[in-house]
Amino acid sequence: MVATSVTLPRVEDTEEFGRELGGLVRGGDLLLLAGPLGAGKTALVRGLADGLGVTGRVSSPTFVIARVHEPSPEGRGVPLVHVDAYRLGGHLDELDDLDLDTDLVDAVVAVEWGEGLAERLSEDHLLIRLERHDNDIRTAHLIPHGSWTTRELPKGPVTA
């Protein structure tokens with residue numbers, strides 16, 4: 001397992017990083033997003049959704065827990081399931097109730113606050129830990145597991 005870090009100076013860079021990731025993922029992929037409030041988890045998923053070309057406005061699904069974004073006609077044909085596990089409080093039975101393992105057949109599943117809970121859905125997952133620094137610059141730490149260790153990872157914005 002080789003971790004990679006990417007510097008994301010602006011929110012737009014976080015979204016662009018997600019867009020790049022959206023061009024690399026495929027149905028069945030599990031992405032776990034970790035980091036404190038304001039670290040950029042939802043911004044990354046907005047970019048991911050744009051890169052996949054799915055329908056619907058992407059916002060944090062905190063109160064609905066999970067939101068499905070269907071592929072648009074111009075998209076890549078892969079749905080996105082956006083989950084916010086924050087309110088699950090670490091309860092595995094509540095995660096099971098979402099039937100995410102069924103979604104993992106066709107969709108890309110992105111789970112905010114998923115570290116320590118959603119890994120059990122698949123040993124093949126990409127953990128993205130987002131860190132927000134005092135100067136508002138973010139760092140994404142990519143930690144691949146299973147088949148992700150041999151796959152191409154997004155490189156992020158090119159900075160001069």
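1. Start with Arg129. Its relative accessible area is 37%, so Arg129 is partly exposed. Bear in mind that this is a predicted model.

2. What does Arg129 form a salt bridge with? The partner is Glu115, and the closest N and O atoms are 2.4 Å apart. This pair links distant parts of the chain. Glu115 lies in the loop between β5 (108-112) and β6 (125-132), while Arg129 sits in strand β6. The two are 14 residues apart. Glu115 is partly exposed as well, with a relative accessible area of 34%.

3. The side chains of Asp50 and Arg19 meet in a salt bridge, at 2.5 Å from N to O. Here, too, distant parts of the chain are linked. Asp50 belongs to helix α2 (residues 41-52) and Arg19 to helix α1 (residues 11-22), 31 residues apart.

4. Are Asp50 and Arg19 buried, exposed or partly exposed? Asp50 has a relative accessible area of 46%, so Asp50 is partly exposed. Arg19 counts as partly exposed because its relative accessibility is 28%. Buried would mean under 20%.

5. Turn to Arg10. Arg10 forms a salt bridge with Glu12, and their closest N and O atoms are 3.9 Å apart. The cut-off is 4 Å, so the pair counts. Arg10 is partly exposed, at 46% relative accessibility. Glu12 is also partly exposed, at 44%.

6. Arg10 and Glu12 belong to a network of salt bridges that also takes in Asp13.

7. Finally, the total. How many salt bridges does the structure hold? It holds nine. Among them are Glu115 with Arg129, Asp50 with Arg19, and Arg10 with Glu12.

Definitions and conventions. Residues numbered from 1 in each chain as written. Predicted model: local features only at pLDDT ≥ 70, side-chain atom pairs only at ≥ 80, totals over all residues. Heavy atoms only, no water. Buried < 20%, exposed > 50% of the residue type's maximum accessible area, 1.4 Å probe, protein only. Helix = DSSP H or I, 4+ residues; strand = E, 2+ residues; numbered from the N terminus.
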